[in-house]
Amino acid sequence: MVTSDGEFFDRRHAGVNGVSSMVPPPDATGDDQGNPGNPGDTGFLAAGEARRYVRLQRRLARSKKGSNRRKQVVRAMGDLMRRARWRRADFNAQAAHRLTRDYAIVTLEKLNVRAMTASVAPKPDPAAPGAYLANGRAAKAGLNRSILDKGWYGLETALRSKARYTGTDIRIVDPAYTSQT
């Protein structure tokens, strides 16, 4: 590919189909990106919905157990999460349709999500028995939430379902050394 300066380069980026493309991704503006716990990645909730969910969590914490108000808050939280589940399923179905329509072979990595999202082991403080040192648990919790929100198994299921109609071969490979070129 030649730039406007006449310089040649061959850099590939993830494209709209989820496969490599010569077009670089747009830069994130940082405006209203993300929820308070994980900026930049709202998952399948819109930014406003993520803020509303945090407010509902606070209301839930203040409400009395067994009250009608608490049931109302739980129902509102469920409505937001239901929309996120629908968006996730819709995204997976659309991505599966595009991939099985355009490619005869689709290869996925067999990722060990349980190991990827395992919690951080506590580090005991040698100076104070019974106390623990900071171990990055909050950051790891945010990463775990982000990994689990993607719904990778749902994408695999959607791909397998679509592949039955298009004849696409779905292959699962060991993830070892796949990041190396």
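**Close-up views of the helices in a predicted model**

**View 1. Helix α5 and its length.** The 15 residues of helix α5 (residues 152–166) should span 21 Å at 1.5 Å a residue, and the end C-alpha atoms of α5 are 21 Å apart, which agrees. The structure shown here and in every other view is a predicted model. Just after α5, Gly167 adopts a positive phi of about 80 degrees.

View 2. Which residues of α5 are buried? They are Leu155, Ala158, Leu159 and Ala163. Seen down the axis of α5, these buried residues fall within an arc of 135 degrees, so they line one face of the helix. On the other side of α5, Tyr153, Arg164 and Tyr165 are exposed. The cover over the buried residues of α5 includes α2 (68–102), β3 (105–109) and β6 (169–173).

**View 3. The packing of α2 against α5.** Two packed helices are described by the angle between their axes and the distance between the axes. For α2 and α5, the angle is about 45 degrees and the axes lie 8 Å apart. Why is α2 described as oblique to α5? An angle under 35 degrees would count as roughly parallel, and one of 65 to 115 degrees as roughly perpendicular; the packing angle of about 45 degrees between α2 and α5 therefore makes α2 oblique to α5. The crossing in which α2 passes α5 is right-handed. On the α2 side, the residues that meet α5 are Asn92, Ala93, Ala95, Ala96, His97, Leu99 and Thr100. Their partners in α5 are Gly154, Leu155, Ala158, Leu159, Lys162, Ala163 and Thr166.

**View 4. Asn92, a buried residue of α2.** Asn92 has its place in helix α2. Is Asn92 buried or exposed? Its relative accessible area is 5%, and a residue counts as buried under 20%, so Asn92 is buried. Residues up to four places away in sequence aside, Asn92 touches Gly151, Gly154, Leu155 and Ala158. Two of these contacts, Leu155 and Ala158, are themselves among the buried residues of α5.

**View 5. Helix α4 and the residue that follows.** Helix α4 (residues 137–149) contains 13 residues. From its first C-alpha to its last, α4 reaches 18 Å, close to the 18 Å expected at 1.5 Å a residue. The buried residues of α4 are Lys140, Gly142, Asn144, Ser146, Ile147 and Asp149. What covers the buried residues of α4? The cover includes α2, α3 (113–116) and α5. After α4 comes Gly151, with a positive phi near 70 degrees.

**View 6. Ala84 in helix α2.** Ala84 also has its place in helix α2. With a relative accessibility of 4%, Ala84 counts as buried. Ala84 and Asp149 are 65 residues apart in sequence, while their C-alpha atoms are 9.3 Å apart in space. Which residues does Ala84 contact, leaving aside its neighbours within four places in sequence? Ala84 is in contact with Phe44 and Leu45.

**View 7. Helix α2 along its length.** The 35 residues of α2 should span 51 Å at 1.5 Å a residue, and its end C-alpha atoms are 51 Å apart, which agrees. The buried residues of α2 are Val73, Ala76, Met77, Leu80, Ala84, Arg88, Asn92, Ala95, Ala96, Leu99 and Thr100. These buried residues pack against α1 (47–62), β3, α4 and α5.

**View 8. The packing of α1 against α2.** The axes of α1 and α2 are 10 Å apart, and the two helices pack at an angle of about 150 degrees. Angles over 145 degrees count as roughly antiparallel, and α1 and α2 are therefore roughly antiparallel to each other. Their crossing is left-handed. From α1, the contact is made by Glu49, Arg52, Tyr53, Leu56, Gln57, Arg59 and Leu60. From α2, the residues in this contact are Arg69, Arg70, Val73, Val74, Ala76, Met77, Leu80, Met81, Arg83 and Arg87.

**View 9. The whole protein.** The protein has 5 helices and 6 strands. Along the sequence, these elements follow the pattern β-β-α-α-β-α-β-β-α-α-β. Of the 181 residues in the protein, 23% are buried. Among contacts with a separation of 6 or more, 57% join residues 24 or more positions apart.

Note on methods. Residues numbered from 1 in each chain as written. Predicted model: local features only at pLDDT ≥ 70, side-chain atom pairs only at ≥ 80, totals over all residues. Heavy atoms only, no water. Helix = DSSP H or I, 4+ residues; strand = E, 2+ residues; numbered from the N terminus. Expected span 1.5 Å × (residues − 1). Buried < 20%, exposed > 50% of the residue type's maximum accessible area, 1.4 Å probe, protein only. Arc of directions from axis to C-beta. Contact = heavy atoms within 4.5 Å. Axes fitted to C-alpha atoms, helices over the stretch in contact; angles between N-to-C directions. Left-handed = near helix turned anticlockwise from the far one by under 90°.
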